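Subject: Structure handover and notes

Dear colleague,

I am handing over the structure we spoke about, and my notes on it follow below. Please read them with the coordinates open beside you.

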Amino acid sequence: MKKYFNYIALPAFALGLVACEPEFDNDITENQDFYTSGSADFSSYVSVGNSLTAGFADGALYITGQENSYPNIMAQQFALAGGGSFSQPLVSDNLGGLTLGGMQITENRFVLATDADGNPGPARLAGTPTTEVSNIVAGPFNNVGVPGAKSFHLVAPGYGNVAGVATGQANPYFARFASTANTTVMAEALAANPTFFSLWIGNNDILGFATSGGAGVDQTGNLDPSTYGSNDITDPNVFASVYSQEVAALTSTGAKGALVNIPDVTSIPFFTTVPSQAIPLDEETAATLNASFILYNTQVLPGLASFGVITAEEAAARQINFSAGANFITIQDEDLTDISAIIQGPPFNLDPITAATLSQLRQTTNDDLIPLTTAGVLGTIDEAYVGFLLANVPNISPEQAGLSAIRGVSRPLQDQFVLTTQEQALVTAAQTQYNATIQALASANGLAFVDARTALQNVANGGVAFSGGILSSQFVTGGAFSLDGVHPTPRGYAFTANAVINAINSTYGSTIPGVDIGNYATVTISNDVN
Amino acid sequence: MKKVLSVVVLLLVCAVTYAGGYRVSLQGQRGLAMGHTGVAMVNNAEIAFFNPGGLVHLEGKLNIAVGGFGVFSDVKFQNAEFGQTSQTESPTGTPLYLYASYNVSEKLAVGLAVYTPYGSTVEYPTDWSGSHLVNSIDLSAVFVQPLVSVKLLEDLSIGGGPILAIGGVNFNRNLSRNLTDIDGNRSNVELDSQGLTAFGFSVGALITPNDQWSFGVNYRSRIDIDVEQGDGDAVFSNVPNSPLAPITNGTFDFTATLPLPAEWTVGVSYKPSDKWTLNFDWNYAEWDAYEALDIMFLNTDGSLALESINPRNYKNASSYRLGAQFDVSSKFVLRGGVYFDESPVQDGFFAPETPRNDSYGFTGGFTYNVTDKLAIDASFLYLTFKEIDASYDSYVEGGERVPFGGTYKSSAFAPGLGLSYKL
């Protein structure tokens with residue numbers, strides 16, 4: 001028996017050992033050289049930035065958003081070529097709201113809900129958030145993205161001081177994981193001993209101004225950021241100064257990295273979803289409105305132009321015309337000549353209320369950008385203004401007052417509801433200078449330069465093909481942007497991760513694979529809303 | 001003997017897999033050891049499976065063969081473009097068989113066969129990159145078959161009988177590549193249906209012109225395993241609470257049909273000497289029966305809630321089998337074999353639930369005659385699949401075809417043990 005046993009057992013054993021594990025000719029996980037890190041070292045990857053780095057989406061920071069942050073997606077791919085673990089200061093739930101001392105201080109995330117008629121639209125997810133800002137989570141973390149941070153915030157001591165959150169002196173997202181009250185974001189980043197980093201900062205240095213419809217101040221020329229308001233545009237020299245300081249700190253230990261530039265605000269659905277021709281009117285209403293502006297169009301404006309108060313060009317731009325169908329919005333444009341005082345005098349002799357309405361009046365053009373948040377205002381009645389009219393205009397009926405207070409039509413929208421072409425120019429001018437700084441520093445330090453601006457333009461202009469469709473900036477349906485209209489979806493972040501990986505590969509000769517963006521989700525649907 | 005057993009047990013630690021599609025060619029130790037041949041060879045009661053026409057030729061009044069296999073399958077997947085990797089979690093299958101025959105007279109035998117010719121057990125890590133196609137599948141079919149065999153002429157016998165097929169399926173997959181609930185859990189469906197029954201038959205003929213040569217042919221009919229309303233449950237979970245979702249969480253009825261294809265086997269057996277026997281079988285399976293795995297999810301009123309259309313488009317496929325037996329002594333018989341198994345899967349239809357491509361099987365085994373009546377049979381199968389770059393191109397998302405693919409490599413090892421008894 002024994003000799004037969006040998007006949008069978010030996011080959012059987014040999015085969016058995018072979019059969020245990022199927023082996024690829026070229027296994028991507030076992031072949032050390034399949035994916036390479038090139039001249040980079042991904043063993044400790046630290047990502048620095050703002051909400052885009054943190055994985056903020058749908059108007060909030062929540063766990064699955066953080067899991068789909070572009071640096072976390074990148075870190076999974078880096079792991080194929082020597083990348084280490086990647087830890088993030090995860091919030092406590094998927095609702096996204098923050099509490100401070102038990103009081104909710106930021107809203108829950110948006111989800112795509114349906115109304116009673118089945119029409120989909122963004123709504124806030126219902127529930128009581130559990131992320132308490134004063135419960136500080138211990139780092140160091142590889143993702144030090146802080147929602148809301150501007151360039152100069154990263155080097156500002158105390159930006160993560162819990163005590164300063166209530167007064168607006170500190171950032172609640174940073175306070176959650178700042179190791180000390182006086183630390184800086186940069187110090188927290190360096191605490192993770194980066195061998196590789198990515199830096200994407202500067203978006204908020206223009207975005208707050210843009211999303212507020214230009215309600216802030218362009219601080220170009222003012223070199224003291226401590227005097228800036230939250231909606232202001234940061235001076236490009238301040239940006240250049242703090243940005244180069246940040247790059248110097250991150251590269252000081254020999255770490256390599258990637259610098260990401262600032263996309264155009266016009267690439268995001270927050271500004272491209274609401275058309276400037278957003279006022280639907282029937283023929284009768286249009287005719288009534290036209291009748292009320294006939295004097296303004298045919299006498300006031302030509303008169304002012306002939307007196308040389310305004311140019312013929314401005315007179316033309318200020319014409320108000322309605323027609324049946326979609327109409328441009330009426331707005332108060334602070335960049336127009338204020339004519340209210342003049343038209344109260346002869347020969348027009350208008351009353352102060354009419355003069356105030358006409359003072360900087362014009363209709364939008366296709367070049368004006370209407371923030372997403374304006375959609376909720378358009379066509380509504382300005383009740384305060386109705387009260388003002390009833391109190392100040394003799395013999396006005398409540399009905400007449402109401403007709404005079406329709407926002408965007410009879411009641412022009414205030415400055416903060418429209419980003420005019422002049423305001424856009426301020427944003428673009430600052431952005432162009434920031435981007436020049438970013439590109440120059442990437443070049444000077446041998447860092448990868450990620451042209452996120454061009455990448456997002458491609459998404460916005462026709463979209464980018466992937467396995468399963470086209471990724472575009474179309475609000476809700478395009479797949480790239482979450483329901484706040486500003487921040488990407490997981491799929492948008494995956495697209496971003498690929499763009500960064502490509503830049504890294506071409507700079508450092510690494511061969512990190514991108515991800516299949518079709519495997520990442522777009523907007524989240526749920527009817528669990530308030 | 002104890003040592004042999006312990007070795008066999010050791011071998012069980014390793015892996016196995018199947019033939020083309022979800023056919024499992026593990027129906028007897030002696031047949032398997034000879035490259036899963038046997039349509040023309042009268043050996044033991046296993047002939048009830050390979051060719052019931054040969055039952056009447058068995059020596060003795062009563063013949064019984066029982067046994068089973070340890071089936072472990074290992075599939076590795078990788079996609080170099082995106083750095084995706086996955087490996088199945090070596091689920092253990094245990095196909096069993098029981099064959100018995102009783103010689104009523106010299107010209108008539110009756111028998112019973114119980115065997116598991118179809119099955120598939122594949123388990124990927126949950127939410128792997130192909131989870132929208134399959135997370136796990138456990139498919140099994142037990143055939144129970146009463147048999148009659150008649151010797152028509154001195155050198156021609158036929159046999160056959162009806163088949164009662166008892167099937168079951170458990171199938172888990174995600175609804176899409178990325179639909180999740182609010183907490184990011186992937187929306188999922190698990191189908192389960194057990195105890196399904198269907199009928200078929202098999203018939204065979206054996207020609208034995210002389211002591212050296214024999215020729216056999218066997219036909220096993222197609223059997224459709226139908227899941228009808230009420231036969232099983234489809235449980236949806238982690239579906240977001242929204243009318244925009246394709247379906248809601250909860251249990252639904254479903255309908256589906258899984259064809260177990262007809263197969264032909266013709267073969268020859270040759271004894272060049274007293275000690276040697278050589279077999280060649282050609283097996284042809286009519287896999288074109290498997291056009292699609294279409295699943296209809298039904299509301300309680302029977303209306304369609306959701307449909308899942310999954311083209312498979314299998315083609316008919318052959319396998320070519322060679323086996324040899326060597327009688328070392330009256331106590332000990334050695335066997336070996338090899339076969340080539342052509343995959344029924346066509347380009348662009350490589351679904352990860354049955355990740356099969358062309359394979360070569362290597363088999364071996366032995367019989368130890370404990371007494372004149374009782375024998376221990378052992379066998380092993382090593383199946384090696386070619387590494388293949390393949391994709392499944394018929395998954396549709398938002399009206400677009402979304403191919404899923406990469407490189408697959410499977411390997412397999414199936415050790416088995418059985419007993420043969422004759423009286």
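To begin with a single side chain, does A:Gln77 count as buried or exposed? A:Gln77 counts as buried, because its relative accessibility is 7% and the cut-off for burial is under 20%. Please keep in mind here and throughout that this is a predicted model. A:Gln77 sits in helix 4 of chain A, which covers residues 70–78, and, once neighbours within four places in sequence are left aside, A:Gln77 is in contact with A:Ile501, A:Ile512, A:Pro513, A:Gly514 and A:Val515, as well as with B:Phe82 from chain B.

Chain A as a whole

The secondary structure of chain A consists of 19 helices and 16 strands, and its C-alpha atoms fill a box of roughly 120 × 50 × 45 Å when this is taken along the principal axes. Chain A has 530 residues, of which 55% count as buried, while its accessible surface comes to about 20900 Å², with 54% of that area belonging to carbon and sulfur atoms. Among the contacts in chain A with a separation of 6 or more, 74% are accounted for by residues 24 or more positions apart.

The nonpolar cores

The largest nonpolar core holds 214 residues, and the members that touch the most others are A:Val48, A:Leu199, A:Leu259 and A:Ile504. Helix 19 of chain A, residues 490–508, gives this core its largest share, namely nine residues. Apart from it lies another core, of seven residues, which include A:Tyr385, A:Val386, A:Leu389 and A:Ala405.

Strand 2 of chain A, residues 98–100, runs parallel to strand 6 of chain A and is joined to it by two bridges; for A:Leu98, the bridge partner in strand 6 is A:Thr131.

Elsewhere in chain A, A:Thr285 is found in helix 11, residues 283–307. A:Thr285 is partly exposed, because its relative accessible area is 33%, which falls between the 20% and 50% limits. Between A:Thr285 and A:Ala430 there are 42 Å in space, C-alpha to C-alpha, and the two are 145 residues apart in sequence.

Strands of chain B

In chain B, strand 1 (residues 62–69) and strand 5 (residues 96–105) run antiparallel and are joined by seven bridges, and the partner of B:Leu62 in strand 5 is B:Tyr102. Strand 5 of chain B is likewise joined by seven bridges to strand 6 (residues 108–123) of chain B, again with the strands antiparallel, and here B:Tyr102 has B:Val110 as its bridge partner in strand 6. A hairpin through two residues joins strand 5 to strand 6 of chain B.

B:Ser157 lies in strand 8 of chain B, residues 156–174, and B:Ser157 is buried, with a relative accessible area of 0%. Not counting residues up to four places away in sequence, B:Ser157 touches B:Gly53, B:Gly54, B:Val56, B:His57, B:Val150, B:Lys151, B:Leu152, B:Gly204, B:Ala205 and B:Leu206. For one of these, B:Gly54, the C-alpha to C-alpha distance from B:Ser157 is 6.5 Å, although the two are 103 residues apart in sequence.

On the surface, B:Val266, B:Phe280, B:Trp282, B:Tyr320 and B:Leu322 form a nonpolar patch, whose accessible area together is about 430 Å². B:Trp282 lies in strand 15 of chain B and counts as partly exposed, because its relative accessibility is 34%.

With best regards

Key: Residues numbered from 1 in each chain as written. Chains lettered and ligands numbered in written order. Predicted model: local features only at pLDDT ≥ 70, side-chain atom pairs only at ≥ 80, totals over all residues. Heavy atoms only, no water. Pairing = 2+ DSSP bridges. Helix = DSSP H or I, 4+ residues; strand = E, 2+ residues; numbered from the N terminus. Core = buried A, V, L, I, M, F, W, Y, C linked by side-chain atoms within 4.5 Å. Buried < 20%, exposed > 50% of the residue type's maximum accessible area, 1.4 Å probe, protein only. Patch = residues over 30% accessible without salt bridge, like charges linked within 9 Å, V, L, I, M, F, W, Y side chains within 5 Å. Areas by Shrake-Rupley, 256 points an atom, 1.4 Å probe, with all protein chains shown as cover. Salt bridge = Lys/Arg side-chain N within 4 Å of Asp/Glu carboxyl O. Contact = heavy atoms within 4.5 Å.
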